[in-house]
Amino acid sequence: MLDFSILDSLDEGVAVIDARFRVTFWNPSAERLYGFSVAEALQKPLYDLISLGAGESIDETLREAFNRPGEWRREVTHESSATGRAVWVDWTLRPFTAQTGEPAGLISISRDITGERNRRMVAPGERDIFKRAIDEIRALFLVVGPDRRIKHASPAFLEIIGGAFEDIQTKDLSSLLLPVEALATIDALAERLKKAPDSGPYKTEFDLETPDGERRRFKASAWAAPGVRGELKEMVVVATEIVVAKTIETDESRLLLINQAILDMVTLPASRDLYQYIAAKLAEVTDSVFVSASEYDEINRRLICRAFAGVGNVTRRALEIFGQHPVGVSFEPADDALAEIGEGKMIRLPGGLYDVMFRKVPRSVCVVLETILGIGDIYGIGFTWKGKVLGDAVVAFRRGAIVDVALVETMVQQASTVLQRMAAEEALKRSEERYRNLLNSSRDMVYTLDDLGNVTFISAQVTAYGFKPEDAIGRNFLEFIAPEDRERIMAEFEKASREKTSFPSEFRMMDSTGKICWLEDLGVPILDPSGQPTGQIGILRDITERKRAEREKARLEEQLQQAMKMEAVGRLAGGIAHDFNNLLTGITGNIAVAQMDLAPNSPLAGVLSEANKAAESAMALTRQLLAFSRKQIIEPKVVNLSELISSLHKMLARLIGEDIELQTIPGGNLGSAKIDPGQFEQILVNLAVNARDAMPEGGKLVIETANAELDEAYCRKHSQLRPGGFVMLAVSDTGLGMSEEVKQHLFEPFFTTKPPGQGTGLGLATIYGAVQQANGAIEVHSDPGKGTTFKLYLPRVAEKAERLKREEPARVPQANDMPGGNETVLLVEDEAVVRELGILILKRLGYKVLHAENGGEAIMLVEEFKNPIDLLITDVVMPGMNGRDLAERLTHMKPEMKVLYASGYTADVIAQHGVLEAGLNFIGKPYTPQGLAKKIRNTLG
C-alpha cells in the first residue's frame, strides 16, 4: 500500500479507495468528520460508511468519477452511518493509476463547509447585521485598542495572515504590519485625536506579510473612536488590497511592467536574490498557484531550487504536507528535457508535482496536493545564455488560467542576461576570494610598497602582530622596524630600487605592544612599462623562532666547548695527579721508613718531618686535582644536607671569623641526597672560604637548603641532568661580586683572582668536580658589588638519610702500628720507585715477596711458581694490561688468591665515576707503610 501518512496533517478528510471502492487509507480529519476510526474504516466500501443526501446514490457517483478523466467536484451532503449526522462538504474525487497505467482507485477529499453554508442561509435578522456584513466582505476590518492591541479582526484579515483570531488576539499591531508603517499609522491617529477628535478618516497604505513570505499592499481608512473624556478608546481600520492586475491588457502596460522588472533585476546585489525576485514577479503577474526558480549545477548535472513564490497560503500548505520547503530540493533532469529548456522557450511539462519537484513524496500524495491547491498545467522555461543552461523557472498555473507565454519568456530572457552577468561577477569574486584566501592561509605576509616605502597593501597575517591591515596602509614601512635596524634597511631598500634588484634582508620588527620579532624579507621592485621602479612587492616570513634556535645553538656550542675544555683539563689534571701520586708514594714511603729507622733524638728527624709536611701539601694538591677530574675515590651515602650543615656550623663559624654573620635556613621536609660526606664538607668549606675572602670588611653568609623541581628548560642548560626532583644547596654572601669575564673562567683549575701566594685556584675546580661526580649541577649568580650566590642541585633520592658519626682524628702512626704476616704476596707495579718501596715494606712486615713490572711478567711468574700465592697487590693503570684484567687472569689460575688494587686515581676498570664496586679492595696513592700494612691485613682477613 502507498504511504499516505504525510497527509495526516491535512484539515481536509482524505480517503483513498481501490477499484472496488474499499477504503485503503483514512486520515485523522476523516475520522473526525465521519466518526469512523481507521480500524473501522479500512477495507470497508465507502458506500457502507457514507450516504448522500437528496436520495442520490453514492455508488453511482463513485463509478462516474472512476470512469471519467480529471476530477469530479461538487458541494454535497454526507451522512455518516456511524453518527447519523449530516454535514455539507466540498467533495472532490480524483482517479489515480497504477504503475501499469491502469485505473487503480480514487482519492476522496472532503472539506467541511457546513458552517459556511449555514452563514449563507441564515436570515439577516438572526444575527448582528453589522458584524455579518464585516465578516462577509473581502475587505480587512480591524479594531485596535489604544495600546495597539488587536480587539477584533475580520475573516479576510485572518485568511491573509494565516492564523486564527486566538493567535493574534491582544497582539501588538506592529508585529503584524511592517513596523515603520504600523507605528506611523498609530502615531498619526493618536496625534489627530488630540488635535481634532471629530475629524474625518485618516488615509494610509501599508504592507502585510503572509506566512510564506509574500508581501501584499493595502490602502486603508482609519478612524479614532474617543472615550467619554475624549481619550483614545479604540481605532477602527478598514483596508482593501491594491491588486496588481494578473492579465496584461495592452502591449504598453506589458512593456512598462517588464521594463520595471528588468530595472529592478539590474540593481539586485546577488544572483540568489534575482532567483527570488523573478519567482515572485512571475507569481505576481501570472494566474499561477506557485512559481519556482532553480539554478543548474553543471558539474553535478542537477537543478537546485533557489526560490519558491506562492499565491495566498500555498507555501504554508506545501510545508504542512511535505514537511520541507521546496527551496533546496534538487533533481537530475533527463538529457532531452535539459535540451528543451536550453532553447529558452516555454514548454508544457508532462506529469504533475511529482515529476516537477517532489520526487521523494508519493505520486498519489502529489495528486492530492494538486487537487487541494487547484493546480492545472505546469510549464517550464530555461534561464540560458548563448545556449548554456543557467537554470529554469517552473510556473504552476491555476486550472483554466490563460497562459501568457510572451510575458514569461520575455522576463526570463532578461533575467538570464542579468544572471549571466551576476555569474561572471560571482566567478570574479570567487577568484578574488581564492586569491585572498591563498594569501591569508599562508604563514607568510605579502605586502606592496610605493616608491617612497609607504605600505599600499598587506595581507591579513599582520594581525598576528596586533595591527589591522587597514591600519598599516599608508604608513611608511620603517615605522614598523626596530630603530637600530632602520638605517641599514633603508639603505638596502634604496639600493634595490636604484639597481632594480631583489631585496633580501633580515630585520627586527616591533609589534603593537613593542615586542621585538625577527622577520625575513624577500622583496622585488615593481616596474612601470618604461622599466622604472614604482614600488616593491615582497614576502615577509617570521623567523623569530629560528633566531631563537640559532642563539640557543650558539649557547649550546659555547657550553659544549666549555665542557670539552674542562674535560680536557680534567684529563690533564688526572694524568698529572696519577704520575705525581706515584712519585709522592715513593717520597712519603721512604720518609716513613727512614723515620722508623731513626732514633727519636736524631738530628735528621726534624729534616724528615719538614720533608713529610711538604709531601703532605703536595698530596692535598693532588687530591684537589683528582676531585676536579672526577677521579677521586668516594664513598657516597644517603644524607640529609641540613643535618650535615648543622654538624659543621661551629667549624664554619670559626673559619669565616666573627665579623661575618652566618645564617642557615634549612628547608622543610627536605629530601635526601646521595653524596660523599667528606666531599660535601670539602664543598662547603671551600665556598665558605671564598665567601669570607669576598667580604674583607665583614658581611653576611647565608646557607640554605630546599627541595627543587627542575624542568626540561633548565636541564637543557645542564646536559648531565634529567628533569625531576632535586635537593638544592644555596650559599650566598654580601661580598664584592664577580664580573661576567670572571664567571666565564670560574671553575677552571689554577684560575684565581687572589694575589700570588694566596690561593692555588683549585678550590672552585674541586667543587665543580665533586658536584659533577655526584651527578649534580652548579650555577652562579653574581654581579659586581651585589654579592654572589652558588646554587648546587643534587638528585633527590627516595632512601632515608643515614645517621652519620664524625670520625675521631687519626693519631700519627708508629712503627709498632704496622701489623705483618708470613703469607706470600705478589706485587705488580710499573713505577720502579713505588715497586722498590713496596718490596721494602712487605719484607719488613715479614711477607714472602714476589714482584713484577707489568701484567705479562706477572703471568709468567705465576705460571712458574707452584706454591700458593695469598695476595696480589696490583697497580690499576699500567701499560699493556690493566690491573683488573690481570687480576681476573691470575685468580683463575690461583683461585685462593686475594686482590688489593692500588692507584693514584680511579679508572672505569674498577670504579664507575669514582665509586668502587662492592667487594673490591683498594688503597689510594700515595700511601704510607702503616696504611699499606693495615690494608693488607684487612684484605687477607
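## Strand pairing

Strand S26 is joined by ten bridges to strand S27 (residues 724–733), and the two run antiparallel. Across this pairing, Asn707 stands opposite Val727 in S27. Strand S24 (residues 660–665) runs parallel to S26 (residues 699–710), with six bridges between them. Leu662 has Leu701 in S26 as its bridge partner. Two strands pair if DSSP finds at least two bridges between them; helices (H or I, at least four residues) and strands (E, at least two) are DSSP runs, numbered from the N terminus.

The model is predicted: local features need pLDDT of at least 70, side-chain atom pairs count only at pLDDT 80 or more, and totals for chains, interfaces and linings use all residues. Residues are numbered from 1 along each chain as its sequence is written, and side-chain values use heavy atoms, with hydrogens and water left out.

## Salt bridges

There are 24 salt bridges in the whole structure, each a side-chain nitrogen of Lys or Arg within 4 Å of a carboxyl oxygen of Asp or Glu. One of them pairs Asp90 with Arg73, with the closest N and O atoms 2.7 Å apart. Asp90 is in strand S5 (residues 86–97) and Arg73 in strand S4 (residues 72–80), 17 residues apart. Asp90 counts as buried at 9% relative accessibility, while Arg73 counts as partly exposed at 46%. Buried means under 20% relative accessible area, exposed over 50%, and partly exposed in between (1.4 Å probe, protein chains only).

Arg508 forms a salt bridge with Asp485, the closest N and O atoms being 2.8 Å apart. Arg508 lies in strand S20 and Asp485 in helix H18 (residues 483–499), so the pair ties together parts that are 23 residues apart in sequence. Arg508 is partly exposed, at 24% relative accessible area; Asp485 is buried, at 3%.

Arg692 and Asp693 also meet through their side chains in a salt bridge (3.3 Å, N to O). Salt bridges with shared partners join Glu484, Asp485, Arg488, Glu492 and Arg508 into one network.

## Helix H30

The twelve residues of helix H30 (residues 929–940) should span 16 Å at 1.5 Å a residue, and the end C-alpha atoms are 17 Å apart, which agrees. The expected span is 1.5 Å times one less than the number of residues. Buried residues in H30 include Pro929, Leu932, Ile936 and Leu940. Just after H30, Gly941 takes a positive phi of about 90°.
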